[in-house]
Amino acid sequence: MGTLRAQAEIAVWPTDEIPPPGEVLVREAAASDGLISLLTDRVDAALLDASPRLRVVSNYAVGFDNIDVGAATERGVVVTNTPGALTETVADFTMALLLAVARRVVEADRYTRAGRWQSWGPMLLLGQDVCGATLGLIGLGRIGTAVARRARGFAMRILYHDVERREAPEQELGLEFASMEEVLRRADFVSIHVPLTPRTRHLIGEPQLALMKPTAFLINTARGPIADSEALYDALAGGRIAGAGLDVFEAEPLPSDHPLLALDSVVVAPHIASASVRTRTGMALMAVGNLLAALAGRRPPNLVNPEVWERRRLIQQEGYK
Ligand code: DGY
């Protein structure tokens with residue numbers, strides 16, 4: 001904040017009750033040259049049209065599905081994000097969820113606190129082994145690769161599916177490329193690591209869940225709408241898959257009476273996979289760096305829509321329109 005205050009006049013949404021009402025966001029954006037947005041802020045064509053001064057939207061997240069990037073690009077507004085800053089932290093949390101669902105950590109905690117622990121028992125809270133199990137990664141970008149690196153330490157067999165083969169991590173980490181169907185059929189743990197786009201919305205629906213083994217778990221630290229929540233609930237409640245570790249949901253925050261919360265086989269978290277002190281600080285510095293660079297006419301390090309920058313450069317340097 002100090003860095004930002006030293007270089008710009010800033011208005012900050014003053015409470016922890018986020019997001020700010022849409023009309024407040026629009027009003028503030030309309031009076032600003034730059035906006036640092038959270039993933040809960042909707043930056044759409046209407047906001048951009050109301051904000052002709054706005055030159056840059058710096059998203060405090062690696063995902064930018066809250067922003068209509070096409071509309072920003074058409075209007076010459078630079079969009080940036082925070083890739084890299086959170087990769088390792090999200091990968092750690094993915095493993096935390098995976099281990100928690102496999103070994104029933106949350107159930108065990110509840111059981112112990114409830115005073116139900118009477119004696120050691122050979123069948124008490126039996127889970128599934130992670131060591132030696134097969135991990136299926138849907139998406140092998142930065143975070144998927146970081147998860148694969150950790151999974152190697154657990155001696156997991158690792159399959160992945162992505163829109164294209166990624167030979168370097170594949171060879172370095174001994175991964176096997178497979179079709180989406182094969183990953184779903186063979187994996188003991190399916191972990192989602194793709195961005196939310198129109199193409200990935202409900203990528204995991206009823207037909208995909210039906211391919212998974214009844215002993216398999218789904219882990220989602222990417223974006224909720226990538227998995228169809230009704231189909232996921234049905235698969236879990238019907239025992240068609242063994243469980244799920246979910247940090248993200250189709251509708252956030254997850255209501256406290258959501259039926260998923262009645263299922264012991266599900267471990268939930270409130271979208272905190274990147275929530276470590278170091279990472280959230282790193283994301284903030286990155287978001288500020290991106291914003292200030294763009295406002296100062298320097299190419300921001302994490303441009304989502306480079307074509308806007310290229311167009312600006314041509315206009316400035318060659319008088320091209
Ligand atoms: C992101 O950055 O997209 C995460 O979901 C929040 O850290």
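Predicted model: local features only at pLDDT ≥ 70, side-chain atom pairs only at ≥ 80, totals over all residues.
How much area do domain 1 and domain 2 bury between them, and what percentage of it lies on carbon and sulfur atoms?

Please colour the protein by domain. Select residues 2-84 together with 277-309 for domain 1, and residues 87-268 for domain 2.

**The interface**

Next, display the residues where the two domains touch. Seven residues of domain 1 are in contact with five residues of domain 2. The opening question can now be answered: the two domains bury about 560 Å² between them, and 45% of this area is on carbon and sulfur atoms. On the side of domain 1, select D65, G84 and T279, which lose the most area to domain 2 and together account for 62% of what that side buries.

The side chains of R223 and D65 form a salt bridge, with an N to O distance of 2.9 Å. Across the interface of domain 1 and domain 2, one salt bridge is found. Polar contacts may be displayed as well: three residue pairs, both members at pLDDT 80 or more, are in polar contact across this interface.

**The ligand and its surroundings**

Now centre the view on the ligand. Which residues are around the ligand? Select L39, A61, V62, G63, L86, R223, H271, S274 and M283. R223, already selected for its salt bridge with D65, is listed here again as one of the residues around the ligand. This shell divides into five nonpolar, three polar and one charged residue.

- At V62, a backbone N or O atom lies 2.7 Å from an oxygen atom of the ligand.
- At G63, a polar backbone atom is 2.9 Å from an oxygen atom of the ligand.
- At H271, a polar side-chain atom lies 2.7 Å from an oxygen atom of the ligand.

Finally, show the surface of the protein around the ligand. Taken alone, the ligand exposes 230 Å², of which the protein buries 92%.

Key
Residues numbered from 1 in each chain as written. Heavy atoms only, no water. Domains from an automatic or database assignment. Contact = heavy atoms within 4.5 Å. Buried area = accessible area lost by both parts, 1.4 Å probe. Salt bridge = Lys/Arg side-chain N within 4 Å of Asp/Glu carboxyl O. Polar contact = N/O pair within 3.5 Å; in protein donor to acceptor, adjacent residues only side chain to side chain. Near = heavy atom within 4 Å. Areas by Shrake-Rupley, 256 points an atom, 1.4 Å probe, with all protein chains shown as cover. Nonpolar A, V, L, I, M, F, W, Y, C, P; charged D, E, K, R; others polar.
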